[in-house]
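Me: I want to learn how the words used for a structure get decided. Show me one and let us work through it.

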Amino acid sequence: MEKEASSPPPLSPEERLRGLLTRAEALRTQGRCEEALDLYRQYLEKRPVPEVMNNYAACLWLAGKTKEAEEWFRKSLSLKEDAEVRLNLVLLALARGDEKGACQELKLLDPEKLSASPREIYRRVKNRVICPP
């Protein structure tokens, strides 16, 4: 008698969630944000993780959905203050031509909490934008 090939056990809910996030992140890093958005949404419905919200917001921005991107950056910040998310809000405001909004976010940003690459972006922005005291 031949032994029947057994199928793998079904994925647990946790494994399915990890798979969604892994695929979304892979698509985002490949620049395929439109494709990643639904996967991020599915993940965030189950797990509202600030870092994932930031990546989702970045994809929304790249997809031209700037208002929704801002909402998600702010949702991320409401759960956890993060200098890089705050910097994303600065950059988004500048992309919209909202220098006043960029200045407001810059005042709330602690550059010491930025890693090297975002800190360099911060320096360039800070030198370009003139904010009232």
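Reply: Start with pockets. On a 1 Å grid over the protein atoms alone, a pocket is an open set of points with protein on both sides within 12 Å along at least five of seven lines, and its lining residues have an atom within 4 Å of a point. This is a predicted model, where local features need pLDDT of at least 70, side-chain atom pairs need 80 or more, and totals for chains, interfaces and linings use all residues. Residues are numbered from 1 along each chain, and side-chain values use heavy atoms, without hydrogens or water.

Me: Which residues line the largest pocket?

Reply: R28, N54, N55, A58, L62, E84, L87, N88, L91, P118 and I121 line the largest pocket. Its volume is about 190 Å³. A volume here is the space filled by probe spheres set on the grid points.

Me: Which helices each supply at least two residues of that lining?

Reply: α3 (50-62), α5 and α7 do. Helices are DSSP runs (H or I, at least four residues), numbered from the N terminus.

Me: How does the lining of the largest pocket divide by class?

Reply: Six are nonpolar, three polar and two charged. Ala, Val, Leu, Ile, Met, Phe, Trp, Tyr, Cys and Pro count as nonpolar, Asp, Glu, Lys and Arg as charged, and the others, Gly among them, as polar.

Me: Why are α5 and α7 called oblique to each other?

Reply: Look at the angle. Helix α5 (residues 83-95) and helix α7 (residues 116-128) pack at about 40 degrees, with axes 11 Å apart. Axes are lines fitted to C-alpha atoms over the stretch in contact, and angles run from 0 to 180 degrees between N-to-C directions. Under 35 degrees is roughly parallel, over 145 roughly antiparallel, 65 to 115 roughly perpendicular, and the rest oblique. So α5 and α7 are oblique.

Me: What makes the contact of α5 with α7?

Reply: E84, L87, V90, L91 and L94 of α5 meet P118, I121, Y122, V125 and R128 of α7. Contact means heavy atoms within 4.5 Å. By class there are eight nonpolar, no polar and two charged residues.

Me: What angle do α4 and α5 make?

Reply: Helix α4 (residues 66-79) packs on α5 at about 155 degrees, with the axes 9 Å apart. That makes the pair roughly antiparallel.

Me: How do you know how α1 lies to α2?

Reply: Use the angle again. Helix α1 (residues 13-29) and helix α2 (residues 33-46) pack at about 150 degrees, their axes 8 Å apart. Therefore α1 is roughly antiparallel to α2. Their crossing is left-handed. That word applies if the near helix is turned anticlockwise from the far one by less than a right angle; clockwise would be right-handed.

Methods: On a 1 Å grid over the protein atoms alone, a cavity is a set of points where a 1.4 Å probe fits but cannot get out, and a pocket is an open set with protein on both sides within 12 Å along at least five of seven lines; lining residues have an atom within 4 Å of a point.
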